[in-house]
Amino acid sequence: MEPRIVRCSGKKLVGRKLKMSLAENRIAELWQNFGPERKEIKHTLTSNLISMAVYTPEYFKDFKPTNLFEKWAAVEVLGYEEIPPHMESFNLPAGLYAVFDYKGLHTDTAIFQYIFGSWLPKSPYTLDDRPHFEVLGEKYKNNDPNSEEEIWIPIAPKNNAD
């Protein structure tokens with residue numbers, strides 16, 4: 001599976017966030033809280049949902065399932081003028097991404113094992129320190145093996161010295 005290499009110009013997001021780890025997964029709680037409130041968000045650009053993870057720079061260097069990260073449930077907006085209570089804004093920085101078109105259950109981790117264990121080490125790119133996210137569009141169906149989403153992995157060209 002080869003990704004598209006895309007330069008993202010940045011995104012303005014509004015949503016909810018929770019601190020969690022892979023060992024203490026709170027994604028269902030996050031989306032259950034965000035779902036009913038997302039209709040309150042004004043000036044959305046699309047109907048797509050954004051599932052975003054913000055990792056510390058050390059997260060992947062010393063990986064353990066108990067490492068904490070910030071998980072977001074969000075939508076893209078035109079601006080931050082009217083943010084509903086209990087929600088926050090996030091400015092996703094511009095940069096280069098490897099975009100994988102994924103079909104299957106969101107609980108199947110094989111795609112991430114392929115990306116980080118096979119594709120990335122063999123590619124001319126290295127992992128960049130920016131948020132990772134998935135775009136959940138009209139073909140996304142929660143808990144359905146026919147569900148489709150885009151997985152956006154932040155990358156940067158490897159240095160010639162590597």
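Asp-128 and Arg-130 join their side chains in a salt bridge, at 3.0 Å from N to O. The term salt bridge means a side-chain nitrogen of Lys or Arg within 4 Å of a carboxyl oxygen of Asp or Glu. Asp-128 is partly exposed, at 29% relative accessible area. Arg-130 is buried, at 11%. Here buried means under 20% relative accessible area, exposed over 50%, and partly exposed in between (1.4 Å probe, protein chains only).

Salt bridges with shared partners also bring Arg-4, Asp-101 and Glu-150 into one network. This is a predicted model: local features need pLDDT of at least 70, side-chain atom pairs count only at pLDDT 80 or more, and totals for chains, interfaces and linings use all residues. Residues are numbered from 1 along each chain as its sequence is written, and side-chain values use heavy atoms, with hydrogens and water left out.

Arg-4 meets Asp-101 in a salt bridge of 2.7 Å, N to O. Arg-4 lies in strand S1 (residues 4-8) and Asp-101 in strand S6 (residues 95-103), so the pair ties together parts 97 residues apart in sequence. Strands (E, at least two residues) are DSSP runs, numbered from the N terminus.

The side chain of Arg-4 also forms a salt bridge with that of Glu-150, at 3.3 Å from N to O. This pair links distant parts of the chain, with Glu-150 in strand S9 (residues 148-157), 146 residues from Arg-4.

How exposed are the partners? Arg-4 is partly exposed, at 33%. Asp-101 is partly exposed at 47%, and Glu-150 at 24%. Across the whole structure, a search finds ten salt bridges.

Note on methods:
Helices (H or I, at least four residues) and strands (E, at least two) are DSSP runs, numbered from the N terminus.
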